[in-house]
Amino acid sequence: MQNTELDPTLSATLEKAGKNAITLVIGNKNYSSWSMRPWVVLTAFDIPFREIRICLDQPDTASKIAEYSAAGRVPVLLDGQTHIWDSLAICEYLAEQFPDRALWPQETAARAVARSITAEMHSGFTGLRSAMSMDIRGSYPGKGRTPEAQGDIGRVCEIWEDCLAEFGHHEFLFGDFSIADAFYAPVVMRFRSYQVSLAPALQAYVDRVVAHPAVAKWVAEALAEKEILPDH
């Protein structure tokens with residue numbers, strides 16, 4: 001058998017490229033909704049990155065995350081000496097670093113609304129998060145329907161209806177896939193696991209999100225995970 005050796009200069013170039021690559025530190029794909037958002041954005045917009053996955057709720061989880069962020073949470077994006085430890089801040093950073101990829105809608109009004117609904121998802125919907133945690137492998141029909149969760153479901157449906165009608169042209173929330181869709185992708189996962197009944201147009205949107213290559217790749221890798229975390 002012939003052994004092939006890389007040219008030393010090429011090896012050095014590849015090593016340097018690896019060190020300079022964007023790195024995203026995430027949790028379990030089955031459970032970590034916060035990690036899902038920037039990972040889907042990076043993947044959907046063909047931004048090269050390396051992934052470090054840290055299993056949540058383990059004795060060494062905190063110490064492993066602390067290697068990358070003092071905040072003690074994932075996701076964390078590493079770009080050279082820059083460390084960003086918030087999912088929305090990560091996506092805004094990516095939008096600034098890759099303006100040609102159009103991570104946000106191009107039209108001013110649409111972009112403002114997209115940022116508004118993304119920020120609302122980022123800071124709100126605590127009833128939905130608490131009662132219907134993300135578990136892509138799980139199936140919980142009819143569960144989690146607290147009054148707070150029901151209110152949040154209604155608000156999500158209202159947002160989707162309005163954005164699809166005004167900006168989405170019955171595709172994604174603002175026509176082309178954007179950060180806004182990535183931020184609502186974990187809600188799509190929840191609606192599937194808890195079998196939330198939706199109007200036909202909204203169910204069609206859910207189906208389109210699930211079929212998006214970046215989301216489908218995340219889901220496939222989540223389904224392949226073996227860890228079971230009872231607290232999620």
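A residue counts as buried here when its relative accessible area is under 20%. With that in hand, welcome to these views of a predicted model.

**Figure 1. The whole protein chain, with its overall dimensions.** Of the 232 residues in the protein chain, 47% are buried. The C-alpha trace spans about 60 × 45 × 40 Å along its principal axes. A compact globule with 232 residues would have a radius of gyration near 17 Å, and the 19 Å of the protein chain agrees with that.

**Figure 2. The secondary structure of the protein chain, followed along the sequence.** There are 10 helices and four strands to find here. Reading along the sequence gives the pattern α-β-α-β-α-β-β-α-α-α-α-α-α-α.

**Figure 3. The open sheet of four strands.** Its strands are arranged in the order β2-β1-β3-β4, and their pairing is mixed. The edge positions belong to β2 (49-53) and β4 (82-84); each has a single partner strand, so one side of each is left without a neighbour in the sheet. Neighbouring strands are turned by 20° against each other on average, direction ignored. As a reminder, strands of a sheet pair through backbone hydrogen bonds, either parallel or antiparallel.

**Figure 4. Strand β1 beside its partner β2.** Five bridges link β1 (residues 22-26) with β2, and the two strands pair in the parallel sense. For a handy landmark, look for I26, which stands opposite R53 in β2.

**Figure 5. Helix α2 against the sheet.** Residues 33-44 form helix α2, which lies across β1, β2 and β3 (76-79). Relative to β1, helix α2 runs at about 150°.

**Figure 6. The crossing of helices α7 and α9.** Two packed helices are described by the angle between their axes and the distance between the axes. Here the axes of α7 (residues 147-168) and α9 (residues 200-211) come within 10 Å and cross at roughly 85°. Angles of 65 to 115 degrees count as roughly perpendicular, so α7 is roughly perpendicular to α9. On the α7 side, the contact is made by C157, W160, E161 and L164; α9 contributes L202, Y205, V206 and R208.

Terms used: Residues are numbered from 1 along each chain as its sequence is written. This is a predicted model: local features need pLDDT of at least 70, side-chain atom pairs count only at pLDDT 80 or more; totals for chains, interfaces and linings use all residues. Side-chain values use heavy atoms; hydrogens and water are left out. Two strands pair if DSSP finds at least two bridges between them. Axes are lines fitted to C-alpha atoms, for helices over the stretch in contact, and angles run from 0 to 180 degrees between N-to-C directions. Contact means heavy atoms within 4.5 Å. Angles under 35 degrees count as roughly parallel, over 145 as roughly antiparallel, 65 to 115 as roughly perpendicular and the rest as oblique. The radius of gyration is taken over C-alpha atoms; the globule rule is 2.2 Å times the number of residues to the power 0.38. Buried means under 20% relative accessible area, exposed over 50%, partly exposed in between (1.4 Å probe, protein chains only).
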